[in-house]
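Jotting things down as I go.

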Amino acid sequence: MALLIMLVGEDPEPWKSVLSRLDPSLDIRVWPQVGDVEDIVFALVWNHPRGELRKYPNLKCIASMGAGVDHIIRDPELPAGVPVTRIVHESLTRSMTEYVIHAVLDHCRDMEKYRRDQAGKIWDPKFPRPRKEVGVGVMGLGELGAAAAIGLVELGYRVLGWSRTPKAISGVQTFWGMEQFSHFLSQTDILVCLLPLTPQTEGILNLETFRKLRPGAFLINVARGRHLIEEDLIVALDQGILSGARLDVFEVEPLPPEHPFWDHPKVQITPHVSSLTEPEAVAPQILENYERVLRGLEPVNQVDLQRGY
Ligand code: NAP
Ligand code: GLV
């Protein structure tokens with residue numbers, strides 16, 4: 001029985017090292033050096049090649065290296081009946097909350113303007129808008145969205161949240177479903193996307209959505225690149241419908257050098273770092289699930305494959 005690490009574009013070594021330290025008896029294989037495919041009972045994956053997971057007849061669990069599972073679910077040849085899990089950990093949640101708060105404060109305290117002013121040796125102080133007047137709308141109120149919303153409430157912002165099903169979060173004005181989406185947007189000055197990528201949410205950050213926000217709103221996308229229609233963002237920025245955007249995720253990653261976002265004066269880019277999975281912190285969760293499936297138990301943090309998250 002073996003645990004397979006299949007990470008495309010990520011270094012498998014820290015995972016191998018921490019997992020074997022936690023359990024020196026573990027038989028760990030690092031893709032593509034798999035050995036006998038029948039040995040593999042558990043696969044830790046990130047952006048695996050489509051169809052690859054069908055090759056392991058004794059697979060009992062597919063574990064995402066991150067919080068999102070869209071990279072697994074998009075595989076049309078996913079083996080049927082094998083549970084899929086994701087990472088839920090306070091290290092991811094804390095990191096995402098910090099990033100979102102930083103992006104909101106950076107925008108609201110006009111830091112982008114002051115960086116530009118410094119380049120031109122301009123001394124031009126501005127009063128920030130009172131926080132209670134700034135509507136921050138968080139799309140997705142799950143593990144990450146709810147924590148970010150609570151962090152923003154603690155800072156004194158007027159926080160709105162939107163989810164698929166009703167939610168009650170102290171200090172957050174909540175909305176749910178498509179019928180309440182426009183109402184949610186109409187009160188939002190800063191839109192934060194923390195949705196999972198599903199057929200319902202793909203392309204949800206589009207011109208129609210942007211037009212429903214308060215004039216000159218700011219966008220923070222920390223979920224997935226395919227939530228955003230990239231050409232619509234350029235139009236919205238160039239027409240002043242949006243005043244700016246902080247983007248951590250992109251349709252194609254790494255963002256190609258010729259992409260117009262790189263040079264757009266109203267776009268701030270970070271390279272998918274808002275919440276990185278730390279192997280040291282989350283390997284015990286992977287090991288726990290490995291042991292659970294060997295004992296015939298359901299793994300924890302399983303996702304609903306029909307729902308897509
Ligand atoms: P989660 O706990 O599964 O929460 C998802 C939330 O989205 C839930 O509140 C859900 O509503 C809502 N939602 C789903 N479909 C919806 C729809 N059609 N309309 C309205 N709301 C909808 O997920 P999470 O752990 O917070 O993570 C969210 C996403 O963040 C991940 O899927 C991943 O793509 C992204 N992420 C990015 C990074 C990064 O570094 N950039 C790091 C980690 C995660 P209900 O609760 O009502 O079902
Ligand atoms: C990162 O993008 C994650 O899904 O954890």
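These entries cover the ligand first, then the pocket.

I'm working from a predicted model: local features need pLDDT of at least 70, side-chain atom pairs count only at pLDDT 80 or more, and totals for chains, interfaces and linings use all residues. Residues are numbered from 1 along each chain as its sequence is written, chains are lettered from A and ligands numbered from 1 in the order in which they are written, and side-chain values use heavy atoms, with hydrogens and water left out.

**Ligand 1**

I looked up who surrounds ligand 1 and got 29 residues (a heavy atom within 4 Å), the closest being Arg-86, Leu-144, Thr-165, Lys-167 and Tyr-309. I sorted that shell into twelve nonpolar, eleven polar and six charged residues; here Ala, Val, Leu, Ile, Met, Phe, Trp, Tyr, Cys and Pro are nonpolar, Asp, Glu, Lys and Arg are charged, and the others, Gly among them, are polar.

Next I checked atom distances. A polar side-chain atom of Thr-165 is 2.5 Å from an oxygen atom of ligand 1. A nitrogen atom of the ligand sits 3.0 Å from a polar backbone atom of Arg-164. For Ser-275, a backbone N or O atom is 3.2 Å from a ligand oxygen atom. Alone, ligand 1 exposes 950 Å² (Shrake-Rupley, 1.4 Å probe), and the protein buries 93% of that.

**Second largest pocket**

I read off a volume of about 520 Å³ for the second largest pocket, the space filled by probe spheres set on its grid points, joined across faces, edges and corners. A pocket is an open set of points on a 1 Å grid over the protein atoms alone, where a 1.4 Å probe fits, with protein on both sides within 12 Å along at least five of seven lines; lining residues have an atom within 4 Å of a point. Of its 27 lining residues, His-107, Cys-108, Asp-110, Lys-126 and Ser-243 are closest to the centre.

Terms used. A polar contact is a pair of N or O atoms within 3.5 Å; within protein, one must be able to donate a hydrogen and the other to accept it, and residues adjacent in sequence count only if both atoms are side-chain atoms.
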